[in-house]
Amino acid sequence: MKPVELLDANLEAMTTFAFMDLIRLGLELGIFQKIDPEGTSLEALAQMTSVSNKERVKDLLRTYVSLGVLEEEDGLIRPSNFECSFKAQKRDLKKLFPDWISILDELHKMSEYSFISKEHPKILMDFDKGSDFWDMRLMSEPYPTSRRVVSELLKLEDGMRVVDFGCGSVSPVELGALVGPNGKYVGVDFSPGLLTIAETRAREEGLDWVTLREIDIRKAMPKNGYDGVIMSFLLEYFKNPQEIIEKGLETLNPGGKMIIVEPFRENFPLITSMEFFEKLTPEFHRFPSVSSILRFLEDSPHDLKVEQVGRSVLLITLFS
């Protein structure tokens, strides 16, 4: 089975399980029992809960409305008819990896703490303060599968020059090893905590051709030209992902390829469920829309070829 098919199957299952976790949070808070069938205001409903962080409760309620779990009219929230089921045949279950389940469990626990305070010390989603958790997460599926997708579609091999935006702590070793010793891998991230972990691993593996840079790519970009640009689970941290894509195109050599890996929101109907949990990361914005990216690329002055691969990957070739 192709890695992108595995990636899509696991992302789909993750969003479904995240939806079920959202319902579980509401049950734990007693939200569904407190709603008046005639309607309750969002503010009043949040105040009925016993937790301290009412803003987080309001965010949960807004998420329910966006998913159709609740409906809102004239400022009042009412119950809505909804259903969610997880159906899988035996062959489908074989596609799913077990380790992301424990990650979702940890996100659920952190969300429970977030109802106490958004700065609760047991919320480990900050890239630096929670770098060990993020490192563990980046080693769990679907991340290794996404790295296999990247290596296959970019055809990474010795001698290539690639730049990896939002490289994290694992890709510099796994992907960097593929382009050496005669190539160049530049990993860019704004998290010194994750870069420190990556630098230690690259040094231990003797990957002299791997360079790591602490850069906020909204403000600066690495210079020189590259054969490949990698943006894997990156764009959701930017309000304007098109700006980041343009910066990536500017670093590509003619004939080079850029790969974008994301759970695009149109392709995963329950992705809003994941967003509620991902918001525990301060920099998180929202998962990007593939249609908006495609419109942006169609209007680009560059000569491009754009391929959609599965439901979560765009492969872009720059001709000029």
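## Ground rules

Because the model is predicted, local features need pLDDT of at least 70 and side-chain atom pairs count only at pLDDT 80 or more, while totals for chains, interfaces and linings use all residues. Residues are numbered from 1 along each chain as its sequence is written, and side-chain values use heavy atoms, with hydrogens and water left out.

Helices (H or I, at least four residues) and strands (E, at least two) are DSSP runs, numbered from the N terminus. Two strands count as paired if DSSP finds at least two bridges between them.

Let's start with E3 (residues 76-79). Strand E1 (residues 40-41) runs antiparallel to E3, joined by 2 bridges, and Ser41 sits opposite Leu76 there.

Strand E2 (residues 70-73) is also antiparallel to E3, this time with 4 bridges, and Leu70 stands opposite Pro79. E2 and E3 make a hairpin with 2 residues between them, and Asp74 in the turn has a positive phi of about 55°.

## The seven-stranded sheet

Next up is an open sheet of 7 strands, in the order E6-E5-E4-E7-E8-E10-E9, with mixed pairing. Strand E6 (210-214) and E9 are at the edges with a single partner strand each, so one side of each has no neighbour in the sheet. From one strand to the next, the twist averages 15°.

At the E6 end, strand E5 (residues 184-189) pairs with E6 in the parallel sense over 5 bridges. Val186 has Thr211 as its bridge partner in E6.

## Helices on the sheet

Helix H8 (residues 143-153) lies across strand E7 (226-232), strand E8 (252-261), E9 and E10, and runs at about 160° to E8. H11 lies across strand E4 (161-165), E7, E8, E9 and E10, at about 145° to E8. For these angles, axes are lines fitted to C-alpha atoms, for helices over the stretch in contact, and angles run from 0 to 180 degrees between N-to-C directions; contact means heavy atoms within 4.5 Å.

Then there's helix H13 (residues 290-298), whose buried residues are Val290, Ser292, Ile293, Leu294 and Leu297. Buried here means under 20% relative accessible area (1.4 Å probe, protein chains only). Those residues pack against helix H11 (241-251), strand E9 (304-309) and strand E10 (313-318).

## A buried glycine

Gly130 lies in the loop between helix H6 (99-114) and helix H7 (131-139). Gly130 counts as buried because its relative accessibility is 2%. Gly130 and Gly193 are 63 residues apart in sequence, with their C-alpha atoms 8.4 Å apart in space.

Terms used
Buried means under 20% relative accessible area, exposed over 50%, partly exposed in between (1.4 Å probe, protein chains only).
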